[in-house]
Amino acid sequence: MSAATPTVRSATDLVGGFTAEAFARHLAGLPSAPLWWLERKRAAYALFESLPLPSRTDEGWRFSNISGVTLEGYSPAQGRPPFSSSPAPIAVESAATLFFAGGSPVGSAAVGADLVRKGVVVSTLSEALERHPELLREHFMAQPQKLGSAKFAALHEAFVQDGAFIHVPRGVEIEKPIVVVHSASGAGTAVFPHTLVIADDNARVTVVDLFVSTDETRQFACGANDLYAGHGAKVSYAAAQCWSHEALSLQFNSTVVRRDARVQSLNLHLGGRQARHESLSQLQAPGGFSEMLAVTVASGTREFDQRTLQIHQAPNTKSDLLYKNALLDKARTIFSGLIIVDPDAQKTDAYQSNRNLMLSDDAESNSLPGLEIQANDVRCTHGATSSRIDPEQEFYLKSRGIPPKAANELLIFGFFEEVLDRLESEELHAAFRTLIRTRIGA
Amino acid sequence: MSNITDTDSLVTSAENPVSGIDQAAGNFKYDMTYDFDAGTGLTDRTVDYISEVKKEAPWIREFRQSALKTFFSKPLPTHWASRDLENINFDKIRYYLSQGQKPKRTWDEVPADIKRTFERLGIPEQERKFLAGVEAQFDSEAAYSNIKEAVSKQGVIFMNSTEGLREHPEIFRKFFGKVIPTGDNKFSALNSAVFSGGSFIYVPPGVKVSHPLQAYFRINAENFGQFERTLIICDEGSELTYMEGCTAPKFSTATLHSAVVELVALKGAKIQYITVQNWSSNVFNLVTKRGLAHEESEIKWIDCNIGSRLTMKYPGVVLKGRKARGEVISIALANDGQHQDTGAKMIHAADETTSTVVSKSISVGQGRATYRGVVHIPRHLKGCKNNTECDALLISTNSRTDTYPAITVRGDRHAVQHEASVSKVSAEQIFYMQQRGLTEGQAMSLSVNGFINDLARQFPMEYSVELKRLIDLEMEGSVG
């Protein structure tokens with residue numbers, strides 16, 4: 001309820017290194033792009049320019065370190081980096097792999113011939129622009145930005161260089177995951193990773209997004225991913241964010257769930273100096289189910305800012321959110337979740353839970369679990385807790401002679417297991433545990 | 001002079017059988033002539049007028065004038081709050097109306113119209129039954145104020161705040177505006193500029209006031225704004241229960257009620273503050289309530305909101321001393337056209353402080369109930385605990401409920417949990433009761449009363465019975 005005196009920012013503050021000239025250079029680098037695509041980019045740039053940066057009185061940015069969200073000193077990655085064979089930070093057997101460095105494709109392991117025959121497409125966005133423009137028009141950044149980052153989503157759309165395009169036709173099921181690796185390198189670099197997954201009716205696919213930096217410099221990652229699950233489709237999406245410790249990361253996730261479809265998304269947050277993740281799930285038709293999971297290891301002085309929105313637009317839909325944060329050192333986390341049940345979306349079953357494990361006296365967790373319910377025949381529950389490790393468990397481990405550091409690690413894994421356990425793929429489960437271990441050990 | 005007007009008796013007709021019934025008891029007004037009237041609209045002259053009429057000390061006038069500037073400089077909090085606030089026309093409100101500044105000590109002296117008002121609402125009966133003291137405020141000033149001799153002999157001070165300022169400035173000034181600073185929010189600034197009436201209570205060390213003190217607030221005039229200011233100080237080891245109730249007739253234009261209530265519980269003191277808010281459905285009820293709890297003291301807010309058009313009220317406790325305890329129990333009932341935006345704020349500022357929030361809301365028809373809360377535990381404290389539970393019951397198909405808590409915890413030595421759930425009345429329960437011969441309406445009432453029963457039990461008997469009766473009325477015909 002305090003006084004609202006919006007901070008006045010200069011014009012250069014509004015766009016930072018993303019000036020009209022930088023945008024013109026970016027467009028000049030896309031000679032073969034179709035006209036409609038360029039038009040969309042121009043419109044997005046105009047929107048980006050016109051929107052203000054978040055201010056202290058924006059509810060969508062409550063508790064965020066707004067001064068850390070600056071565009072000053074970043075510029076889009078230049079030129080095509082040499083092919084880097086840096087392997088994916090995790091080892092999983094994949095159906096196909098795509099590598100992007102600085103936003104440009106740098107290599108791939110193509111999808112098998114049998115899947116190609118069935119019509120599966122795993123390609124870059126630029127290839128899809130030539131071959132599947134209609135699908136791109138329909139699904140690329142087509143959902144509303146409701147969580148506070150409209151300006152940055154517009155920036156992403158304006159400057160997105162390339163990205164992954166995955167289309168699984170009706171009834172086709174892919175067993176192994178499709179892996180997409182996005183990497184960034186060099187100080188002051190901005191990258192705009194994008195992954196678009198379209199699963200037609202009754203299709204099944206697992207996609208893994210990996211975000212890595214090749215050096216520990218100050219970078220800006222402004223990424224988006226769109227997941228579309230047609231009637232009866234099943235999409236599993238897992239992402240590991242391992243950007244540089246100095247990176248500012250903004251990631252926008254949008255999920256559309258159609259009739260009887262199931263989407264599971266799990267985000268592992270490890271990297272970045274300040275990382276914000278926005279996740280929007282729209283349950284558009286009866287029988288849809290969206291499972292939203294996240295695991296965050298917040299250490300050092302990092303800030304992890306997670307904003308979620310579950311919108312139940314049709315009757316008989318279900319959503320289940322579980323976000324767990326382990327807070328060490330002087331880290332901060334923000335969880336702001338909202339469940340919206342539209343009028344007449346009866347028989348909604350929605351759950352939202354945020355658990356914060358406080359492991360340091362200097363860590364700070366902020367929880368804003370929200371509900372907006374406009375139908376009466378629903379089951380909606382949410383919960384948020386912040387507490388330390390159970391002293392009895394700690395004592396038990398101590399009495400067994402386990403050193404404090406190892407005991408802590410065991411307890412953190414125990415805390416995360418409830419989330420990781422929901423991953424169907426054991427291989428992926430093991431790979432994510434390894435990633436967490438390296439971060440806790442580091 | 002005394003023409004009773006029953007306003008809007010037609011609202012209780014068929015199209016919505018529930019609206020209006022709840023306010024039936026308070027839905028009448030008397031045509032009054034006021035001896036003191038600050039006119040319509042708000043300028044520094046309004047503030048001077050109030051200050052002059054009350055013959056206030058210069059520091060109070062300065063306090064009011066500076067608060068007025070703060071009020072004008074602050075924007076409406078519509079970036080998070082309901083846009084309905086924009087419908088308040090501050091230029092059309094009458095800020096001060098009274099028939100005199102000195103309340104009557106015996107019931108017989110109270111002017112006939114005012115006496116009839118309160119008798120119709122059952123106020124003197126309440127006192128005769130069990131209260132230790134009663135104050136009745138009619139528009140801007142207290143019409144009647146009395147405290148039982150036995151209680152005042154213990155050194156308990158209970159009077160309206162106008163008198164409090166005049167007779168006990170040394171206590172009043174020390175605590176006034178310290179718990180809720182003028183600039184806390186736009187409406188606390190408004191209240192600080194034009195406040196009039198409200199209770200002033202001081203309980204000396206070790207005194208346990210065995211029976212509740214009660215205040216009753218009544219708005220009679222149209223386009224009126226009531227801005228009472230309550231200040232309660234419980235000295236070391238003392239105990240107090242305070243209850244307030246409020247009603248207003250239903251006018252076609254909006255009425256504003258914007259109170260500021262400050263509580264101070266010194267070491268080991270206990271304060272229980274009970275509100276049953278039953279304003280008519282044209283009242284904007286924008287109230288700031290906060291308590292300051294010193295070492296090992298306890299402040300408990302029991303807040304029940306049934307009436308008003310828009311209520312925004314988040315009783316808070318600043319837990320300033322070690323082992324202080326804060327509690328908010330909130331019951332809200334939102335019917336057609338009503339928005340109950342209620343909640344709690346718990347600010348932990350010392351080690352081993354604990355707080356509890358239990359909120360139950362019921363939305364009927366197009367009613368909207370909102371829970372908004374803050375739990376704040378800053379760095380370098382240890383052993384703080386908070387437990388928050390919010391349950392919402394939705395009666396009709398498109399009733400609305402929202403929950404917006406904000407919880408900040410720093411450090412690894414605390415335990416905080418928040419839980420909320422939304423449900424509807426179980427069809428099976430209704431079926432069972434109907435099968436046993438209850439009507440659908442009776443079954444519904446029983447079910448809703450069951451939902452709030454464990455909270456309603458914490459109310460004093462009279463209030464708990466009253467609450468049940470109100471809910472019965474609200475539920476009548478609301479099925480389907």
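**Exercise 1. Helices H8 and H9 of chain A**

Task: In this predicted model, find the handedness of the crossing of H8(A) and H9(A), then describe how the two helices pack.

Solution. 
- Step 1. The crossing in which H8(A) passes H9(A) is right-handed.
- Step 2. H8(A) covers residues 391–399 and H9(A) residues 404–420; their axes lie 10 Å apart, and the packing angle is about 135°.
- Step 3. That angle makes H8(A) oblique to H9(A), because only angles over 145 degrees count as roughly antiparallel and 65 to 115 as roughly perpendicular.
- Step 4. On the H8(A) side, the contact is formed by A:Gln393, A:Glu394, A:Leu397 and A:Lys398, and on the H9(A) side by A:Ala407, A:Leu410 and A:Leu411.
- Step 5. Sorted by class, the residues of this contact are 4 nonpolar, 1 polar and 2 charged.

**Exercise 2. Helices H3 and H7 of chain A**

Solution. 
- Step 1. H3(A) crosses H7(A) in a left-handed sense.
- Step 2. H3(A) contributes A:Arg40, A:Lys41, A:Ala44, A:Tyr45, A:Leu47 and A:Phe48 to the contact, while H7(A) contributes A:Lys151, A:Ala154, A:Leu155, A:Glu157 and A:Ala158.
- Step 3. The contact of H3(A) with H7(A) has 7 nonpolar and 4 charged residues, and no polar ones.
- Step 4. Among the buried residues of H7(A) are the charged A:Lys151 and A:Glu157, along with A:Phe152, A:His156 and A:Phe159.
- Step 5. The cover over the buried residues of H7(A) includes helices H2 (20–28) and H3 (35–50) and strands E1 (75–76), E10 and E12 (248–257) of chain A.

**Exercise 3. The largest nonpolar core**

Task: Give the number of residues in the largest nonpolar core, and follow the contacts of A:Val205.

Solution. 
- Step 1. The largest nonpolar core holds 257 residues.
- Step 2. Those with the most contacts inside this core are A:Ile166, A:Val197, A:Ala199, A:Val205, A:Ala229 and B:Leu263.
- Step 3. Strand E10 (residues 220–229) of chain A supplies the largest share of the core, 7 residues.
- Step 4. Apart from neighbours within four places in sequence, A:Val205 contacts A:Ile166, A:Val168, A:Ile174, A:Ile178, A:Val197, A:Ala199 and A:Val235.

**Exercise 4. Where chain A touches chain B**

Task: Work out what chain A brings to its contact with chain B.

Solution. 
- Step 1. The contact involves 36 residues of chain A and 38 residues of chain B.
- Step 2. On the chain A side, strands E20 (364–373) and E21 (379–387) each provide at least two residues.
- Step 3. E20(A) gives the largest share of that side, 10 residues.
- Step 4. By class, the chain A side consists of 15 nonpolar, 14 polar and 7 charged residues.

**Exercise 5. Helices H1 and H2 of chain B**

Task: Describe the crossing of H1(B) and H2(B) and name the residues that meet.

Solution. 
- Step 1. H1(B) (residues 44–53) and H2(B) (residues 58–73) have axes that come within 10 Å and cross at roughly 155°.
- Step 2. That makes H1(B) roughly antiparallel to H2(B).
- Step 3. The crossing of these helices, H1(B) and H2(B), is right-handed.
- Step 4. From H1(B), B:Asp44, B:Val47 and B:Ser51 meet B:Ile60, B:Arg61, B:Arg64, B:Gln65 and B:Leu68 from H2(B).
- Step 5. This contact has 3 nonpolar, 2 polar and 3 charged residues.

**Exercise 6. Two residues of chain B**

Task: Decide whether B:Asn305 is buried or exposed, do likewise for B:Ser464, and list what each touches.

Solution. 
- Step 1. B:Asn305 sits in strand E17 (residues 298–305) of chain B.
- Step 2. B:Asn305 has 25 other C-beta atoms within 10 Å, so this residue is buried; the cut-off is 20 or more.
- Step 3. Not counting residues up to four places away in sequence, B:Asn305 touches B:Gln277, B:Thr311, B:Ala332, B:Gln340 and B:Thr342.
- Step 4. B:Ser464 belongs to helix H11 (residues 461–475) of chain B.
- Step 5. B:Ser464 has 18 C-beta neighbours inside 10 Å and so counts as partly exposed.
- Step 6. With residues up to four places away left out, B:Ser464 touches B:Ala456, B:Arg457 and B:Phe459.

Definitions and conventions
Residues are numbered from 1 along each chain as its sequence is written. Chains are lettered from A and ligands numbered from 1 in the order in which they are written. This is a predicted model: local features need pLDDT of at least 70, side-chain atom pairs count only at pLDDT 80 or more; totals for chains, interfaces and linings use all residues. Axes are lines fitted to C-alpha atoms, for helices over the stretch in contact, and angles run from 0 to 180 degrees between N-to-C directions. Helices (H or I, at least four residues) and strands (E, at least two) are DSSP runs, numbered from the N terminus. Angles under 35 degrees count as roughly parallel, over 145 as roughly antiparallel, 65 to 115 as roughly perpendicular and the rest as oblique. A crossing is left-handed if the near helix is turned anticlockwise from the far one by less than a right angle, and right-handed if clockwise. Two residues are in contact if their C-beta atoms, placed from the backbone, lie within 7 Å. A nonpolar core is a set of buried Ala, Val, Leu, Ile, Met, Phe, Trp, Tyr and Cys residues joined through C-beta atoms within 7 Å. A residue is buried if 20 or more other C-beta atoms lie within 10 Å of its own, exposed if 12 or fewer, and partly exposed in between; C-beta atoms are placed from the backbone.
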